[in-house]
Amino acid sequence: MNQLLIFDLDDTLFETKSISKTSVKPIFDQFERLLINNYGKEMTENIVSELWKFPFDFVAQKYLFDNTLNSEFARLVNQYEYQLNIKTFEDFGIVQNLRQEKILVTTGFLKLQNAKIRDLGIEKDFTEIYIDDLLDPKRIYKQGIFKNILLKKNINPNLIYVIGDNPNSELKAGFELNLNTVQVSKYGQEKSEYAHYCITDFNELKTILK
């Protein structure tokens with residue numbers, strides 16, 4: 001039976017920081033005013049800085065955002081019309097040429113993640129695309145999505161490779177389900193305890209899949 005590859009999106013297939021700050025500045029300008037009211041100017045600077053670097057749910061949990069802040073950020077994100085002008089990593093062509101079936105599983109706000117996928121033009125490169133929507137009241141997280149894929153495909157876990165950068169998201173979820181996990185370390189991250197393999201370039205992935 002053929003191998004199945006499950007890819008993450010952010011900082012796996014493209015650099016999240018490549019999203020121009022000006023392209024989403026109106027969202028942050030409005031949200032920053034709310035943060036200042038709750039945390040003061042100095043702490044807000046730290047929070048905004050981290051929102052550019054880390055997933056929203058990670059930052060929200062760290063700073064204990066209340067439901068009002070979470071809901072307002074979600075409203076701002078979901079009403080915005082995105083013009084992102086982003087590109088995949090240069091070695092994405094290797095992924096495109098892999099013969100194995102490829103599935104994309106990404107976490108974030110539904111509209112924003114769809115905008116990224118659309119702007120990157122990668123829809124056709126995956127047989128299925130799943131978005132772990134931060135706002136879904138019935139959210140099952142990436143591990144739940146992986147479980148559903150296992151059930152749907154009825155495939156031996158030894159043939160499934162989860163490929164991503166986040167130790168506490170897709171890598172942990174895949175590891176706990178006994179799937180093969182491949183950490184993409186584009187920025188020199190240390191190998192995670194949840195990663196069976198660690199690569200810096202997708203050429204290395206071809207070697208692992210042989």
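The side chain of serine 18 reaches the backbone oxygen of glutamate 15 at 2.5 Å, a polar contact (a pair of N or O atoms within 3.5 Å, where within protein one must be able to donate a hydrogen and the other to accept it, and residues adjacent in sequence count only if both atoms are side-chain atoms). The model is predicted, so local features need pLDDT of at least 70 and side-chain atom pairs count only at pLDDT 80 or more, while totals for chains, interfaces and linings use all residues. Residues are numbered from 1 along each chain as its sequence is written, and side-chain values use heavy atoms, with hydrogens and water left out.

Serine 18 belongs to the loop between strand S1 (4-7) and H1; helices (H or I, at least four residues) and strands (E, at least two) are DSSP runs, numbered from the N terminus. With a relative accessibility of 33%, serine 18 is partly exposed, a class that falls between buried (under 20% relative accessible area) and exposed (over 50%), for a 1.4 Å probe and protein chains only. Between the C-alpha atoms of serine 18 and phenylalanine 7, which are 11 residues apart along the chain, the separation is 19 Å.

Asparagine 180, in strand S5 (residues 180-184), is buried at 15% relative accessibility, and its side chain reaches the backbone oxygen of asparagine 158 at 2.8 Å. Lysine 124 is placed in the loop between H6 and strand S3 (128-133) and is exposed, at 67% relative accessibility. A polar atom of the lysine 124 side chain lies 3.3 Å from the backbone oxygen of glycine 121. The C-alpha atoms of lysine 124 and glutamine 96 are separated by 9.4 Å, although the two residues are 28 residues apart along the chain.

Tyrosine 197 is part of strand S6 (residues 197-199) and is partly exposed, at 32% relative accessibility. Its C-alpha atom is separated by 8.1 Å from that of isoleucine 208, 11 residues apart along the chain.

Aromatic pairs number 14 in the structure. Rings of Phe, Tyr and Trp (its six-membered ring) pair if their centres lie within 6.5 Å, and planes under 30 degrees apart count as stacked, over 60 as edge-to-face and the rest as tilted. Phenylalanine 28 and tryptophan 52 form a stacked pair, 4.3 Å centre to centre with 15° between the planes. This pair links distant parts of the chain, with phenylalanine 28 in helix H1 (residues 25-39) and tryptophan 52 in helix H2 (residues 41-53), 24 residues apart. Phenylalanine 28 is buried, with a relative accessible area of 11%. The pair of phenylalanine 73 and phenylalanine 109 is tilted, at 5.6 Å centre to centre and 50° between the planes. Because phenylalanine 73 lies in helix H4 (residues 67-79) and phenylalanine 109 in the loop between strand S2 (101-108) and helix H6 (110-120), the pair ties together parts that are 36 residues apart in sequence. Both phenylalanine 73 and phenylalanine 109 are buried. Ring pairs join Phe28, Phe31, Tyr39, Trp52, Phe56, Phe65, Phe73 and Phe109 into a cluster.

Lysine 186 lies over the face of phenylalanine 89, at 4.8 Å from the ring centre. The charged end of lysine 186 also sits over the ring of phenylalanine 202, 5.1 Å from its centre. A charge sits over a ring if NZ of Lys or CZ of Arg is within 6 Å of the ring centre and within 35 degrees of the ring normal.

Positive phi values occur at two residues other than glycine, leucine 64 with phi near 55° and asparagine 178 with phi near 65°. Most residues other than glycine have a negative phi. Leucine 64 is in the loop between H3 and H4 and is exposed, at 70% relative accessibility. Asparagine 178 is in the loop between H8 and S5 and is likewise exposed, at 60%.

The largest pocket holds about 1500 Å³ of space. A pocket is an open set of points on a 1 Å grid over the protein atoms alone, where a 1.4 Å probe fits, with protein on both sides within 12 Å along at least five of seven lines; lining residues have an atom within 4 Å of a point. Of the 46 lining residues, Lys53, Phe54, Pro55, Phe56 and Asn166 are the closest to the pocket centre. H8 gives the most to this lining, with six residues.

Key
Points joined across faces, edges and corners; volume = space filled by probe spheres on them.
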